[in-house]
Amino acid sequence: MKIAEPYSGFEQGPIRPPSESESLLVRVSRNCSWNRCTFCSMYKDVRFQLRPVDHVLKDIDAARFYVDSILAAQKSGNRLTQNELYALSPNGEEGDIQALHAAYNFVSNGMESIFVQDGNSLVIKPNEIIRILRHLKDAFPDVERVTSYARSHTIVRISDENLNLMANAGLNRIHIGMESGSDKVLTMVDKGSDKATQIAAGQKVKKAGIELSEYVMPGLGGAALSRENAIETADALNQINPDFIRMRTLGMSVAAPLTQQFIEGDFDKMGEVDTARELLLFLEQLNGINSTIKSDHVLNLFQEVDGTLPGDKQAMMKPIQDFLQLDPQEQMIFSIGRRTHRMARYSDLDNPVQRDYALQMCSELGVTTDTFDVAIDSIMQRFI
Ligand code: SF4
C-alpha cells in the first residue's frame, strides 16, 4: 500500500519566467514531466512528482494567512518583526517561514500575479488544476494574472472544454517553451514536440482566450541549422500570433547534454556575430502578426529587441544591423561590454566611460577578436 506523503510545509520550485519575478509562486508539481530537452539542465537529477492537491491548497491558505497578517500589521502601523510574524501560525502549529517569505515578496510587489510551478503544471488532471485555480481565485480575488508553464505536447491533449474551464477558473496566461519551429532542431534537442504540435498548442491557447507567451531560442540549431531555425520559428509564430514572443538566446549550461555534445565536437555552437545574424533573419521573417517581443532574459545580447509588431520591427532590427556592420574589434568590445554588464544597450558603445570599462574587461580577460566567444560562453554559464 502506498503511504500518503505527509505535508511538510509551503514549497517553491527553482524556476519561473523572468516576467514572473514579482509573482506568488504556487508549486503544484515538482520538476518537469518530460525532462529530456538536451539544452536544459534544470531538473536533470530529480524526479517528476505531482504534489497532493490538498497540500497545494494548504500552501495557498498559508500564503493568504501571512498576507493577511502582514497587511493587518501594516494597517495598524504595528511593525511586526519577521520572528513575530513567523510565530503567528496558519494552522495553530509551527509557523511556516517559506510561506511567510513568499507572502512578503508578494505583498511588497503589489499582489498582482501568481505563477503556478514547476516546468509543466498543466500535465496534472484537469479537474485537479481547476480545483487549485478556483481555490486561488477565492483566496486572492484581486490578482490580475495567474500563469503557468506548459509543454505544447501537453496542451494539445487537453480538451477545449477543459482549457475553457481553466480559463474560467482564472488561468489567464500560459508560457510555452517553443524554442524552435524547425522539426530538425526540435528533434535534435529532443524537445518532444514537432512544429505542427507547437502551432496547434499555441492556437488552442489563444482560442481559449488565454494570453500566450512563446519562448524562442536563437542559436539552438547551431551553425548547421541556423537559417532553418530562424525561418521555421518565425513561420510557426506567424501562424500562431502569440501575445508575447520572448527571446532566450542559447547558453551552454555545464550540466546540459548539449554542452557535452559541444565539447565532443558534435554541436557547432555559434558565436555572438552569427547568432546576431540569425536573430536578424528571424525578426525579418515575422510577418502579419501583432505580438509583443520581449528581450527579458540576461542571455540576450540586444535589450533593444523589445517592442510590438509590426510598428516596432525596424527599430528592433536596427541595432543588430548596425552591430553586424562593425569591424571585429568593435563587435568584441560591445559583446564583452554587454556580457560583463559594462554596457546595457548597443548605444553604450558610444559612451566613452562604458567603452573604457569594456576595453578594460577585454584586456583583463586577455581576449582577442578570435577568442572572445570562448570567454563569453564561460561568462554566460554563470547566468543559467
Ligand atoms: S520541457 Fe522545459 S523544463 Fe522540461 S526539459 Fe524541456 S526545457 Fe527543461
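## Ligand shell

Ala, Val, Leu, Ile, Met, Phe, Trp, Tyr, Cys and Pro count here as nonpolar, Asp, Glu, Lys and Arg as charged, and the others, Gly among them, as polar. On this scheme the shell around the ligand has five nonpolar, three polar and two charged residues. The residues around the ligand are C32, W34, N35, R36, C37, C40, M42, G119, R151 and G177; a residue is near a molecule or strand if its C-beta atom, placed from the backbone, lies within 6 Å of it.

The model is predicted: local features need pLDDT of at least 70, side-chain atom pairs count only at pLDDT 80 or more, and totals for chains, interfaces and linings use all residues. Residue numbers start from 1 along each chain as its sequence is written.

## Overall form

The protein contains 15 helices and ten strands; helices (H or I, at least four residues) and strands (E, at least two) are DSSP runs, numbered from the N terminus. Its radius of gyration is 22 Å, close to the 21 Å that the globule rule gives for 384 residues, so the protein is as compact as a globular protein of that length. The radius is taken over C-alpha atoms, and the globule rule is 2.2 Å times the number of residues to the power 0.38. The C-alpha trace spans about 65 × 45 × 45 Å along its principal axes.

Of the 384 residues, 43% count as buried. A residue is buried if 20 or more other C-beta atoms lie within 10 Å of its own, exposed if 12 or fewer, and partly exposed in between, with C-beta atoms placed from the backbone. Among contacts between residues at least 6 apart in sequence, 76% join residues at least 24 apart, a contact being a pair of C-beta atoms, placed from the backbone, within 7 Å.

## Domains

Domain 1 covers 1–112, domain 2 covers 150–325 and domain 3 covers 328–384; these bounds come from an automatic or database domain assignment. The contact between domain 1 and domain 2 takes eleven residues from domain 1 and 15 residues from domain 2. On the side of domain 1 that touches domain 2 there are six nonpolar, three polar and two charged residues. The centres of these two domains, taken over C-alpha atoms, are 29 Å apart.

## The sheet and strand β6

An open sheet of mixed pairing is formed by eight strands in the order β1-β4-β5-β6-β7-β8-β9-β10, where two strands pair if DSSP finds at least two bridges between them. Its edge strands, β1 (24–27) and β10 (307–308), each pair on one side only.

Strand β6 (residues 173–179) runs parallel to β5 (residues 145–149), joined by three bridges, and T147 has R173 of β6 as its bridge partner. With β7 (residues 211–216), β6 pairs in the parallel sense over six bridges; the partner of E179 in β7 is V216. Seven of the seven residues of β6 are buried, so the strand is largely enclosed by the rest of the structure. R173, H175, G177 and E179 point one way, whereas I174, I176 and M178 point the other way. In a regular strand the side chains alternate between the two faces of the sheet.

## Residue S21

S21 lies in the segment before β1. This residue is partly exposed, with 13 other C-beta atoms within 10 Å. S21 and N109 are 88 residues apart in sequence, and their C-alpha atoms are 9.3 Å apart in space.

Technical notes
Two residues are in contact if their C-beta atoms, placed from the backbone, lie within 7 Å.
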